[in-house]
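Subject: Handing over the structure

Hi,

Here is the structure for you to look through. My notes on the ligand and the backbone follow below it.

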Amino acid sequence: MTSFKALRIHQTPSGVSASLESVTLEDLTPGEVLVRVAFSGLNYKDALAVTGRGAILRSYPRVAGIDLSGVVEHSSDAGFKPGDRVLATGAGLGEWLDGGFAEYARVPADALVPLPSGLSLLEAMALGTAGFTAALALRRMLENHQDPAHGPIAVTGATGGVGGIALALLKRAGFATAAITGKPESGAFLRELGADEVIERAGLDLGRKPLEKAVWGGAVDNLGGEVLAYLTRTVKPWGNIACIGLAQSPALTGTVMPLILRGVSLLGIHSVQVPHAWRLALWGQLAGPWRPAGIEQRIVRAVIGLESVPEAAEALVAGQARGRFVVRL
Ligand SMILES: NC(=O)c1ccc[n+]([C@@H]2O[C@H](COP(=O)([O-])OP(=O)(O)OC[C@H]3O[C@@H](n4cnc5c(N)ncnc54)[C@H](OP(=O)(O)O)[C@@H]3O)[C@@H](O)[C@H]2O)c1
């Protein structure tokens with residue numbers, strides 16, 4: 001191939017701009033494995049990069065897209081051969097490495113995971129970083145003794161990619177779940193994903209005291225700020241809060257009272273630089289015992305082309321996510 005399509009982000013004197021353009025392999029950051037990309041997905045982080053609303057890319061121009069699935073064309077690493085089906089999430093793609101919003105990507109071998117049997121290339125990207133992160137949160141909560149008997153798990157940013165898949169995984173793992181959302185009109189969608197209860201965020205009494213009445217067994221938080229502070233005040237003794245996102249605010253406020261008087265744990269969730277063995281194990285879980293039911297029907301909002309990515313990214317930064325956009329290359 002001589003040239004191929006990519007969505008590249010440029011920094012110009014007037015700000016960041018995304019453009020669909022023709023590039024060559026030499027334009028891409030190096031990597032041992034050349035992948036013909038089949039699908040990518042749109043995460044909140046991609047939306048920040050494409051719209052220029054967040055400092056995600058480390059240098060310009062850069063192909064955005066933190067996730068990809070596809071087929072190996074060529075590999076100088078003995079672990080992969082042409083025809084292998086693979087996926088990659090995070091690992092620097094779409095940040096300091098050229099990412100998945102292109103027909104081809106050069107990927108470091110240690111960023112790649114063989115596509116587990118039980119997932120299609122499309123399903124892998126319907127899950128993408130969102131699904132991987134939700135799985136990492138569940139794993140860390142279980143490792144820290146979260147048990148369904150502790151009570152329901154509150155999930156914030158519930159209509160988003162991470163939130164929606166977290167509901168599905170938690171439900172499948174036997175937990176009762178409560179979706180805390182800014183879109184109460186999405187109640188039916190959230191219940192179908194796995195929410196037992198749907199709570200409108202605007203109607204929540206956030207409280208002010210260091211400890212409020214403990215109602216949640218644990219929580220998965222995608223918002224940060226005031227909502228995260230509320231969760232620390234209302235999680236029951238020995239519950240875990242998986243801290244994933246900052247869709248509302250990067251602020252972490254509150255007191256140590258919940259930690260020292262209730263044994264509440266804040267679990268840091270970081271999906272980018274993850275030990276390879278964890279990646280393999282978590283994708284194995286997502287393709288097997290934790291596989292959400294009806295991935296295409298319930299989680300995919302739309303399959304879009306590269307040209308539609310900027311518009312979809314605007315919707316995500318405006319908080320209008322409802323399921324996942326999958327990008328077909
Ligand atoms: N730690 C990690 O490694 C990691 C990995 C993946 C994602 N994240 C972070 O986790 C968060 C969720 O990611 P995602 O990909 O699931 O995002 P998404 O699909 O865009 O969903 C975000 C959801 O957050 C809620 N929200 C509330 N206020 C918002 C606001 N001001 N702007 C945007 N959304 C708002 C909305 O849900 P409701 O309307 O239902 O409330 C929205 O659907 C983001 O902050 C992302 O950066 C972190």
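Two ground rules. This is a predicted model, where local features need pLDDT of at least 70, side-chain atom pairs count only at pLDDT 80 or more, and totals for chains, interfaces and linings use all residues. Residues are numbered from 1 along each chain as its sequence is written, and side-chain values use heavy atoms, with hydrogens and water left out.

Now the ligand. Helices here are DSSP runs (H or I, at least four residues), and strands are runs of E (at least two), numbered from the N terminus.

Next, polar contacts (pairs of N or O atoms within 3.5 Å). A polar side-chain atom of Ser-271 lies 2.7 Å from a ligand oxygen. Backbone N or O atoms also come up: one of Gly-161 is 2.9 Å from an oxygen of the ligand, and one of Tyr-44 is 3.2 Å from a ligand oxygen. On its own the ligand has 900 Å² of accessible area (Shrake-Rupley method, 1.4 Å probe). The protein covers 88% of that.

Last, the backbone. The peptide bond from Tyr-60 to Pro-61 is cis, with omega near -10 degrees. Pro-61 is in the loop between helix 1 (44-51) and strand 4 (62-63). Ala-91 is not a glycine, yet its phi is positive, near 60 degrees. Find Ala-91 in the loop between strand 6 (85-89) and strand 7 (104-107).

Best wishes

How values were computed: Polar contact = N/O pair within 3.5 Å; in protein donor to acceptor, adjacent residues only side chain to side chain.
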